[in-house]
Amino acid sequence: MLSKAISAAYLALWISYCTSTSAEDPFMTRALQLMSETPLIDGHNDLPWQLRIQFNNELNKVDLNTLETTHTNIPKIKKGRLGAQFWSAYVPCETQYKDAVRQTLEQIDVVHRMCQKYPETFMFATSSHDIMEAFSMNKTASLIGVEGGHSLDSSLGTLRTMYQLGVRYLTLTHSCNTPWADNWLVDTGSETSQHNGLSPFGKQLIVEMNRLGMLIDLAHVTEAVMNQVLDMSEAPVIFSHSSAYSVCPHKRNVPDNVLIRVNETGGIVMVNFYNDYVTCSKTANISHVADHFDHIKKVAGAGVIGFGGDYDGVTRLPEGLEDVSKVPKVVAELLRRGWTDEEIKAALGNNLLRVLSKAETVRDSLKGKSPDDVPIPYDEVKNTCRTSYGYRNAGAVPSLGTLALVLTLALQAFITLTVS
């Protein structure tokens with residue numbers, strides 16, 4: 001009798017389990033199928049920074065197969081079906097005017113060493129072709145993005161050197177102004193604008209990034225910078241880890257008018273999972289994240305959406321999205337909301353592949369153009385930690401090339417004002 005009761009109870013539990021999960025299974029099954037066909041490309045992960053602050057970048061003391069103090073490790077990557085990752089080479093704003101370049105180079109180095117230590121999992125990548133090659137080999141394509149223009153120390157030579165080391169996007173600012181660009185805190189009123197967006201040198205840098213084929217990341221900048229870059233960049237832009245301002249009115253998010261312009265220029269907004277940018281509060285869930293995907297699709301179309309989880313760079317994540325293994329749940333939720341297979345594939349990776357391919361096409365079209373070697377005016381970067389070597393006369397007269405750029409930009413602004 002007891003045996004029959006136990007069997008009946010077990011059967012009831014099994015039926016209850018099947019009933020509760022059957023509604024979810026078709027969406028998750030479909031999500032995983034789509035993720036096997038199109039690489040999930042995430043725009044921003046701060047694991048390299050965690051390796052620095054927890055282990056001083058001493059990879060010999062770390063095993064990414066067993067590491068449990070981060071949102072990201074190899075088992076979680078595999079479970080989360082992570083096809084490609086832009087690893088963030090981030091150093092804090094406190095390094096600006098000090099040792100930002102050295103520390104950033106060390107972060108670039110740790111990504112390279114991570115790929116070398118785990119070749120069965122990671123493949124270093126610098127192009128859209130590399131991403132697809134890694135995906136075909138069942139490896140995670142590993143790209144680098146430098147998070148913050150302060151990492152350049154206002155040097156186009158440093159920008160070019162980082163490109164040669166494999167960096168494929170630059171976030172123009174972090175949460176501090178640079179000598180040539182305003183950061184998002186200016187829009188909150190907590191910091192003062194120094195450039196009304198971009199300085200003339202900041203605009204030089206945009207042109208040089210187009211020539212190199214380096215993606216311009218507008219996460220962390222002011223709305224003025226967003227619009228100035230959208231006005232002048234020949235290549236589409238990215239927001240590597242930002243969400244929708246209309247859903248959560250945080251100045252790190254993207255307003256609707258900019259979303260529309262991102263669509264018009266072929267760019268991408270990669271949705272951030274940080275609770276503070278998802279709900280503007282300390283708590284959030286998967287549905288709240290999906291609301292951002294839905295809103296961006298409604299305003300600008302499925303062609304501008306991507307994933308930019310910001311794992312290992314944030315302290316609060318939505319319930320159900322606690323680490324990188326959980327990302328397929330977002331895909332399943334979007335399918336539950338009626339997203340088509342093609343829309344899902346676009347958001348997973350096809351949109352980013354299109355943007356990167358276009359930047360590569362722009363680069364190739366500019367091969368005949370010489371590198372810009374006109375430095376930022378010395379007076380704009382002069383400080384006690386900087387020498388004047390390289391400036392024949394501190395405060396020298398700008399070159400004809402710089403003057404031509406400034407005059408061209410001024411003429412464009414005048415024409416815009418006249419037309420409007």
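This is a predicted model: local features need pLDDT of at least 70, side-chain atom pairs count only at pLDDT 80 or more; totals for chains, interfaces and linings use all residues.
The buried residues of helix 13 pack against helix 11 (256-264), strand 8, helix 12, strand 9 and helix 14, where buried means under 20% relative accessible area, exposed means over 50%, and partly exposed lies in between, with a 1.4 Å probe and protein chains only. Helices (H or I, at least four residues) and strands (E, at least two) are DSSP runs, numbered from the N terminus. Residues are numbered from 1 along each chain as its sequence is written, and side-chain values use heavy atoms, with hydrogens and water left out.

Let me stay with helix 13. Its buried residues are Ile286, Val289, Ala290, His292, Phe293, His295, Ile296 and Ala300. An α-helix has 3.6 residues a turn, so residues three or four places apart point the same way. Helix 13 covers residues 286-300, which is 15 residues, and from its first C-alpha to its last it reaches 21 Å, close to the 21 Å expected at 1.5 Å a residue; that expected span is 1.5 Å times one less than the number of residues. At the start of this helix, a side-chain oxygen of Asn285 comes to within 3.0 Å of the backbone nitrogen of Ser287, and after the helix comes Gly301, with a positive phi near 95°.

Now to the aromatic rings. The structure holds nine aromatic pairs, and rings of Phe, Tyr and Trp (its six-membered ring) pair if their centres lie within 6.5 Å, with planes under 30 degrees apart counted as stacked, over 60 as edge-to-face and the rest as tilted. One of them joins Phe86 and Tyr169, a tilted pair at 5.1 Å centre to centre with 40° between the planes. Phe86 lies in strand 2 (residues 82-89) and Tyr169 in strand 5 (residues 167-171), so this pair ties together parts that are 83 residues apart in sequence. Phe86 is buried, at a relative accessible area of 1%, and Tyr169 is buried too, at 0%.

What kind of pair do Phe273 and Tyr311 form? Their ring centres are 5.8 Å apart and their planes stand at 90°, so the pair is edge-to-face. This pair also links distant parts of the chain, with Phe273 in the loop between strand 8 (268-271) and helix 12 (275-278), and Tyr311 in the loop between strand 9 (305-307) and helix 14 (328-336), 38 residues apart.

Finally, let us look at Thr171, which is found in strand 5 and counts as buried at 0% relative accessibility. Leaving aside its neighbours within four places in sequence, Thr171 is in contact, meaning heavy atoms within 4.5 Å, with Val146, Glu147, Gly148, Gly149, Asp217, Ala219 and His220. With the side chain of Asp217, the side chain of Thr171 makes a polar contact at 2.6 Å; the term stands for a pair of N or O atoms within 3.5 Å, where within protein one must be able to donate a hydrogen and the other to accept it, and residues adjacent in sequence count only if both atoms are side-chain atoms.

As for the whole protein, there are 16 helices and nine strands, and buried residues make up 55% of the 420 residues.
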